[in-house]
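The sequence and structure come before the text.

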Amino acid sequence: MLGGIFSFHSSWKDRQDTYNQKPLPLQCTSLNFRGFQLAQAMLFAIEEINNSKDLLPGISLGYKIYDSCSSIATSVRAALALANDNEVAWAPSEEPCTRFSQVQAILGETSSSPCMAVATVIGPFHIPMISHSATCTCLSDKKKYPSFLRTIPSDYYQSRALAQLVKHFGWTWVGAIRTNDDYGNYGMLTFTEIAKRLGICLEYSVSFFRTDPPKKLQKIIDTIKSSTSKVIVAFLSYMDMEVVLHELSHHNLTGYQWVGTEGWILDSQTAVTDTGHILDGALGLSIPKAHVAGLREFMSNIKPLNSSSTEMFTEFWEALFSCKFRPSKSSSEYQSVCTGHEDLTGVQNSFSDMSLMPIFNNVYKGVYAVAHTLHGVLNCNKSCSKIVHLEPYKVLRFLKKIQFKTKGGDEVYFNENGDPAAKYEIINWQPTAKGIVDFVTVGLYDASLPADKQLNLQNTSLIWAQNSQEVPLSVCSEKCPPGTRKVLKKGKPICCYDCLRCAEGEISNSTDSITCVRCHPEFWSNAGRDACVRKKAEFLSYEEIMGALLTAASLSGTCITNVVALIFFRYRHTPIVRANNSELSFLLLFSLTLCFLCSLTFIGRPTQWSCMLRHTAFGITFVLCISCVLGKTLVVLMAFRASLPGNNVMKWFGPAQQRLSVLAFTFIQVLICVLWLTIAPPFPLKNFKQFKNKIILECALGSAVGFWAVLGYIGVLALFCFILAFLARKLPNNFNEAKLITFSMLIFCAVWITFIPAYISSPGKFSVAVEIFAILASSFGLLFCIFIPKCYIILLKPEKNTKKNIMGKGTQK
């Protein structure tokens, strides 16, 4: 004996219990043709098995079917009746049909909440319950529902599939409406969790049950109206969907893209109810299409007078043909009389609609699963053992391990949670020219495949909301283009954000980047902030104007110095050349030539050698230059002292001593440079800090102490030379070289004193230019102040180039 619990009615009349007497049974209303279809699928399978010679030979299956009236309480009452047998008395007998009629399994219910209640009640007795349509994830918990199985996949997989489907089309901002029962609440909970992982946000999530007051439904409508999302995920049963759809049509809420579950997406009655075309273009999941051979004909041939449940089928028949078996004589309300032999083949209503064949197939598979289980438990071969006692736990244990194929080729088995394999078809509502909806399969979802291959959309043209050909857009914020990053809006979900432009030196090269990546120090962000471009390396080069001008000045100074040297060499025997140690003069000209040339080492790309050379060459050549000037100054002072009567100091500062002094002063600078190069020499450096968008190629000092020691030593010598020249400026000579030295050293000191703040404050290559300018300015100062007046006399005033004139004894004209 098999039990069945189906909803032949979809609601019941409210009643007020007074608790003064036993409550009356619920008065069911709203006849539900679908419940009759499911019951007929069960009867068809039982009849087919009873007529089979291979399955359960010699055993006939019977049935007891109850109407749950879509009520949890009524479902539990029916389950208890099936489990305990509601017959008044029973006595052991060998006669057929007189033994205890406890059912071996219960098929049903359609909804998850009644199934949970029934499974909780019959679970301790190990009576199997097989549902064809209850999909709540919670029912997979075998600790709570040990005897529950189903032939439809769990909503765990459907919720995952819905989330992946929404993500596939780029909808990250959606609304959600669910049935306020275990089916809707558990299904939406799983969907929300998976959607959050995929970056999908719910603008709102509201619940509804068909018996809720109108105010609650109106509140849901207001929520949808005020929302900005254009996609609505509906985790609803078909009965709740019809109620919501009626209210949506009343408010003409079109233009929303609906994404639905198997609970309503393939329901033809819902499509007929949608007169306002609210659901046009809807997308959703359904269990794969199936065909049960002979079921359509079986349903078309039913006769209420031949049914064992005459009262129930009579009500069904009267509603189907709008007739009455026993019309009232006092009323003309019924214009036709039911004969019970009316032809169903010409009837076009929800009962004749076979679009729910996959659900009927689930009922069919459930009945066959029980039959195969009994076949195994009873050790059936050509006949079945009649001595085996059908204990419920034995039946349940065998049922969980069953595996077979139906005549249609469907493989039936249950996993450890009592669930079948999860496979879905993706359905698209496509209106036709005749005004009816065509349920077009546009893809498949198979949970048994790898994650990246589970969702497979076919190359089929989809119809979207309002018959649009373009995929609707439903996002809280537009995608952030490359070059920007997402910044969450305060108090909003993660899908709502602003796009903030990346800062200088940072980029984002992908859409919807959450961070900007800082470029490598040698790179900088472009104008679009979407790529790093190599920074321009900046250094004082020969090609640029400033470098070319400084180079020209350096070479000009070198040439002028060489010209002066040639003049002095040509007139080396003249008194003005011989007057002040011509050897020091030529050495000074040589050092000035080196000073002009060493400025060229500061121009061009810095290298390891050029960095070490530029500062040391500069320091040594300038000390050599100042040493020569200092020597000439001392010669002037000594010569003046020697001209005094009885003073012979010149013998202490002759040519040998002069050379030695120059060598000694220069050696000290050489020693300082050697120590500097040994301890911490200058080296080429890429300066990223001074400018953001370019690299300054410069020479790091290595040791700042070494650098300032070199400069300081030059400064000390220059200051000492200046003081000596200043003291000798008024000596009684007609041509006093001390005056020229004083003026040249004044220029030299002024240049280098102003050099220090200018050098420190100048950025990048300009600091190098300042240093070159100081070198050239001081070199030109020495050259012009000391040698140009002498060249003037040599070339233009040769009459003054006499010993008497230089000694102040000649006649001045």
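Strands β10 and β11 run parallel and are joined by 4 bridges; two strands count as paired if DSSP finds at least two bridges between them. Helices (H or I, at least four residues) and strands (E, at least two) are DSSP runs, numbered from the N terminus. This is a predicted model, in which local features need pLDDT of at least 70 and side-chain atom pairs count only at pLDDT 80 or more, while totals for chains, interfaces and linings use all residues. Residues are numbered from 1 along each chain as its sequence is written, and side-chain values use heavy atoms, with hydrogens and water left out.

Together with helix α7 (residues 238–251), β10 and β11 make a right-handed β-α-β unit; right-handed means that, with the strands pointing away from the viewer, the path from the first strand over the helix to the second runs clockwise.

In strand β10 (residues 231–235), 5 of the 5 residues are buried, so the strand is largely enclosed by the rest of the structure. Val231, Val233 and Phe235 point one way from β10, and Ile232 and Ala234 point the other way.

Side chains of opposite charge can pair when their charged atoms come close. A salt bridge here is a side-chain nitrogen of Lys or Arg within 4 Å of a carboxyl oxygen of Asp or Glu, and the count by this rule is 13. Three of these pairs are listed below.

| Asp267 | Arg34 | 1.8 Å |

Asp267 is buried at 3% relative accessibility, and Arg34 is buried at 13%.

Glu425 in strand β15 (residues 423–431) and Lys289 in the loop between β12 (283–286) and α9 (295–300) are 136 residues apart. Glu425 is buried at 10%, whereas Lys289 is partly exposed at 46%.

Glu544 and Lys765 are both buried. A network of salt bridges links Glu522, Arg534 and Lys686.

Conventions: Buried means under 20% relative accessible area, exposed over 50%, partly exposed in between (1.4 Å probe, protein chains only).
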